Number of protein chains: 2
Amino acid sequence: MGIAPPATMNSVTPRKSQRAAKRTASAGQLLQATSKILAQRNVIDVSLSEIAESSGLNSALIKYHFGSKDGLLLALVRRDAASSLSRLNDLIRMKIPPEQKIRLHVAGVINTYIRYPYLNRLIHLLLNNSSEQITQELANFFVKPLVEAQSKILEDGFSQGVFRRVDPMFFYYSMIGACDHIFFARHSLEFAFGVDEITPSLRDNYVEYVADMLMGMLRKD
Amino acid sequence: MGIAPPATMNSVTPRKSQRAAKRTASAGQLLQATSKILAQRNVIDVSLSEIAESSGLNSALIKYHFGSKDGLLLALVRRDAASSLSRLNDLIRMKIPPEQKIRLHVAGVINTYIRYPYLNRLIHLLLNNSSEQITQELANFFVKPLVEAQSKILEDGFSQGVFRRVDPMFFYYSMIGACDHIFFARHSLEFAFGVDEITPSLRDNYVEYVADMLMGMLRKD
C-alpha cells in the first residue's frame with residue numbers, strides 16, 4: 001500500500017471533522033447546482049435527480065442535508081438572502097444621510113432580484129405552497145432582519161428630524177411590494193407594456209421612481 | 001306522459017338556445033363552486049372531482065367549458081376581476097378631483113383582494129406556473145384595462161395641473177405591488193409583525209398609507 005497520504009493517518013477526531021467539512025462542501029455544491037439550474041429557467045421546476053446529476057453528488061445527500069426539496073430551496077433563499085442582508089447591515093452603519101440610505105436600500109433590493117433571477121419566484125413559491133414551518137423560517141431569517149434594518153433607517157431619519165414618523169410595517173409592505181412586483185409580474189411587462197426585459201437603464205429609472213415615491217412619504221416638509 | 005312542459009314543445013332553434021343557456025349556466029355553476037371551495041382554503045389546491053361534486057355537475061363539463069383546470073381558474077379570475085374593473089370604469093367617469101380618484105382606486109384594489117380571498121394567490125399561481133398563452137390572456141383582460149384606467153386618472157390630474165407627469169408603467173407596478181404584497185405575504189404579517197389578520201381598521205389605515213404615498217409622488221408642489 002506504500003505510505004498512506006497524511007490525511008488518512010490522522011486520529012479519529014480530525015478525520016471526523018474532515019468528513020464534516022466534506023459534508024458541508026457537498027451541501028454548498030448542491031445549492032450551487034440548484035442555483036445554476038434555476039437561473040437558466042423561467043419557472044421553479046427542478047428535480048432531485050437533475051440536481052444530483054449537475055452536482056455530481058448522490059440525491060440522497062439532499063435528504064441528508066436539507067430534509068426535502070423544499071428544505072433545499074429554502075436553504076438556497078437563505079444563502080442568497082444572506083449576502084444581501086449583510087450588505088444592508090453595512091449600509092445601516094454608514095455615515096450618510098438617511099435619505100441616501102433609503103435610496104441605496106431600494107437599489108439593493110432590486111439588484112438582489114436581478115443578481116438571482118429565480119429568487120423572487122422561489123420566495124413566492126415557498127410562501128404559496130409550503131408548510132407553516134417553512135414560511136415561519138423564511139420570516140425569521142429574511143423578513144424580520146429586513147424589517148429591523150428598515151426600522152433602524154426610519155428611526156434615524158426621525159431622530160435626525162428629517163423623516164416623518166411612519167409605520168414600519170406599512171413601509172415594509174409598500175416598499176418590498178413595489179420592488180417585487182415588476183419582477184414577479186414581468187410577463188406583464190411584455191404583454192401589457194411591450195417591454196422585453198429589465199435593462200440596466202429601466203432598472204435605474206425604477207429605483208429612482210420607487211425611492212422618490214418613498215421619500216415623498218418620508219420627507220418632512 | 002301527460003302534457004309535456006312548454007319548454008320541450010318548442011321548435012329546434014329555441015330548444016338549441018335553451019341548451020346553450022343551460023350550458024352557460026353550468027359554466028357559472030362550476031365557477032361558483034370553485035370560488036366557494038377556494039375561499040375556504042389557504043392554498044390554491046382544488047381537484048376537478050371536488051369541483052364536480054360541489055357543483056353537482058359532471059367534471060367533463062370543465063373540459064367542455066374551460067379546456068383545463070388552468071382554463072377554469074383563469075375564467076374565475078376573469079369573473080372576479082370583471083366586477084372590479086367595471087367599478088373602476090365608473091370611477092373614471094365620476095366628476096371628482098383626480099386625487100380622490102387615486103384614493104378610491106387604492107381602496108378598490110385592496111377591497112377586491114379582501115372580497116375574493118383567493119384571488120391574489122390565484123393570480124400569482126397563474127403567473128408563476130402557466131403557459132405563455134394564459135399569462136397573455138391575463139394581461140389582456142386584467143392588466144391592460146387596469147393600466148388604461150390608471151393612465152386616464154394620471155392624465156386627467158396632469159391636464160388639470162394638479163399632478164406631476166409620471167410613467168404609468170412605474171405607477172402601475174409600484175401601486176399594485178404595494179396593494180398586493182400585504183395580501184400575498186400575509187403569513188409574514190403573523191410571523192414578523194404578530195398581526196393575525198387584516199382587520200377593517202388595518203385595511204383602512206393601509207389604504208390611507210398607500211394613497212398618501214402615491215399622492216406624495218403625484219402631487220404638484
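The model is predicted, so local features need pLDDT of at least 70 and side-chain atom pairs count only at pLDDT 80 or more, while totals for chains, interfaces and linings use all residues. Residues are numbered from 1 along each chain as its sequence is written, chains are lettered from A and ligands numbered from 1 in the order in which they are written, and side-chain values use heavy atoms, with hydrogens and water left out.

**View 1. Chain B laid over chain A.** The same surface serves both: 100% of the contact residues of chain B recur in chain A, where contact means heavy atoms within 4.5 Å.

**View 2. Where chain B meets chain A.** Here 44 residues of chain B are in contact with 44 residues of chain A. About 4500 Å² is buried between the chains, and carbon and sulfur atoms give 75% of this area (the accessible area, with a 1.4 Å probe, that two parts lose on being put together, summed over both). Look for B:Tyr173, B:Phe191 and B:Tyr209, which supply 18% of the area that chain B buries against chain A, more than any other three residues. On the side of chain B that touches chain A, H9(B) gives the most, with 13 residues.

View 3. B:His105 is found in helix H6 of chain B, residues 98-115 (helices are DSSP runs of H or I, at least four residues, numbered from the N terminus). Its relative accessible area is 4%, so B:His105 counts as buried (under 20%; exposed is over 50% and partly exposed in between, with a 1.4 Å probe and protein chains only). Leaving aside neighbours within four places in sequence, B:His105 touches B:Leu88, B:Leu91, B:Leu146, B:Gln150 and B:Met175.

**View 4. A:Asp70 in chain A.** You will find A:Asp70 in helix H5 of chain A, which covers residues 69-93. With 29% relative accessibility, A:Asp70 is partly exposed. A:Leu104 is 34 residues from A:Asp70 in sequence, and their C-alpha atoms are 32 Å apart in space.

Note on methods
Helix = DSSP H or I, 4+ residues; strand = E, 2+ residues; numbered from the N terminus.
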